[in-house]
Amino acid sequence: MSLLETTLNTRDLGGHKTNNGKITIFNRIYRSDYGKEPPNNKDIQLLLSHKINTIIDMRSIKDSTNNIKNYFENLEDFNYYNYPIEEGSQIPKTINDVPKSYIEIACSKNIKNILETIANSKNGIMFNCSAGTDRTGVVTAIIFMICGVTKDEIIKDYMISKECLKEKFIEIKNNYPDIDINIIIPHETYIINFMDLFYKRFGDINNYIKWIGLSINDKIKIQNKLLVE
């Protein structure tokens with residue numbers, strides 16, 4: 001289900017219904033995990049053919065035992081940015097803590113930088129964390145809320161990661177039997193409860209935009225990326 005051969009969870013934010021009846025446009029913004037291997041030539045050509053040449057990496061040094069170096073960092077056809085979200089790099093202690101951790105991700109100091117980069121990128125964007133579920137899922141939900149995507153569509157998109165990463169979850173369960181695998185596997189309640197906490201705290205997406213300091217102009221640019229041909 002991944003768009004790229006060298007990742008498990010690369011997906012397009014296009015094709016989702018909004019509250020006013022629009023459909024988000026394909027090949028403008030991709031969400032992704034971080035592959036175990038460098039992108040092959042087919043993957044690179046697919047991205048470039050759709051002008052997806054801005055890469056936003058949300059991994060922190062905690063995500064790697066070595067370093068945070070990204071495969072795309074030294075590829076001349078791509079613009080690479082590393083905006084680490086520390087809040088999403090650790091496994092929550094319990095399943096009840098997952099939605100709370102998502103709020104922490106939404107309030108990360110680098111969220112503004114990520115959204116500004118998406119808004120002002122000349123061409124298409126791909127953003128990633130490690131597995132493409134939590135930090136990537138939260139940023140995706142925020143982008144969708146900015147664009148007025150329906151709640152059901154936000155939930156549906158979030159849950160696709162469960163299928164994409166099925167084998168990875170089995171591997172984690174086998175290698176780390178002491179970890180509650182249910183904390184890691186996406187559940188509808190996680191994203192639903194996150195949105196409930198989000199609206200309880202901020203009221204609406206406009207208050208959130210104001211709180212993180214994103215300009216109205218950048219908000220409109222993000223909407224235009226996904227909603228205007």
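This is a predicted model: local features need pLDDT of at least 70, side-chain atom pairs count only at pLDDT 80 or more; totals for chains, interfaces and linings use all residues.
**Stop one: two loops with positive phi**

Select asparagine 27 first. With a relative accessible area of 26%, this residue falls in the partly exposed class. You'll find asparagine 27 in the loop between S1 and strand S2 (29-32). Check its backbone: phi is near 60°, a positive value in a residue other than glycine.

Now jump to lysine 51, in the loop between helix H1 (41-49) and S3. Lysine 51 isn't a glycine either, yet has a positive phi of about 60°. Its relative accessible area is 54%, so lysine 51 counts as exposed.

**Stop two: the sheet**

Switch to cartoon view and colour the strands. Five of them make an open sheet with mixed pairing, and the order to trace is S1-S2-S5-S3-S4. At the edges sit strand S1 (11-12) and strand S4 (79-82), each pairing on one side only. As a reminder, strands of a sheet pair through backbone hydrogen bonds, either parallel or antiparallel.

Zoom in on strand S3 (residues 52-57) and S4: they run parallel, joined by four bridges. Select threonine 54 and look across to S4, where asparagine 79 stands opposite.

**Stop three: rings**

Show the aromatic side chains. There are eleven aromatic pairs in the structure. Phenylalanine 198 is buried, at 0% relative accessibility, whereas tyrosine 199 is partly exposed at 35%.

Which residue has its charged end over the ring of tryptophan 211? Arginine 201 does, sitting 5.2 Å from the ring centre. For another arginine over a ring, go to tyrosine 34: arginine 59 lies over its face, 3.7 Å from the ring centre.

**Stop four: a helix crossing**

Finish with helix H4 (residues 135-146) and helix H9 (residues 205-212). Their axes come within 10 Å and cross at roughly 120°. That makes H4 and H9 oblique to each other. Look along the crossing and you'll see that H4 passes H9 in a left-handed sense.

Technical notes: Residues are numbered from 1 along each chain as its sequence is written. Side-chain values use heavy atoms; hydrogens and water are left out. Rings of Phe, Tyr and Trp (its six-membered ring) pair if their centres lie within 6.5 Å; planes under 30 degrees apart count as stacked, over 60 as edge-to-face and the rest as tilted. Buried means under 20% relative accessible area, exposed over 50%, partly exposed in between (1.4 Å probe, protein chains only). A charge sits over a ring if NZ of Lys or CZ of Arg is within 6 Å of the ring centre and within 35 degrees of the ring normal. Two strands pair if DSSP finds at least two bridges between them. Axes are lines fitted to C-alpha atoms, for helices over the stretch in contact, and angles run from 0 to 180 degrees between N-to-C directions. Angles under 35 degrees count as roughly parallel, over 145 as roughly antiparallel, 65 to 115 as roughly perpendicular and the rest as oblique. A crossing is left-handed if the near helix is turned anticlockwise from the far one by less than a right angle, and right-handed if clockwise.
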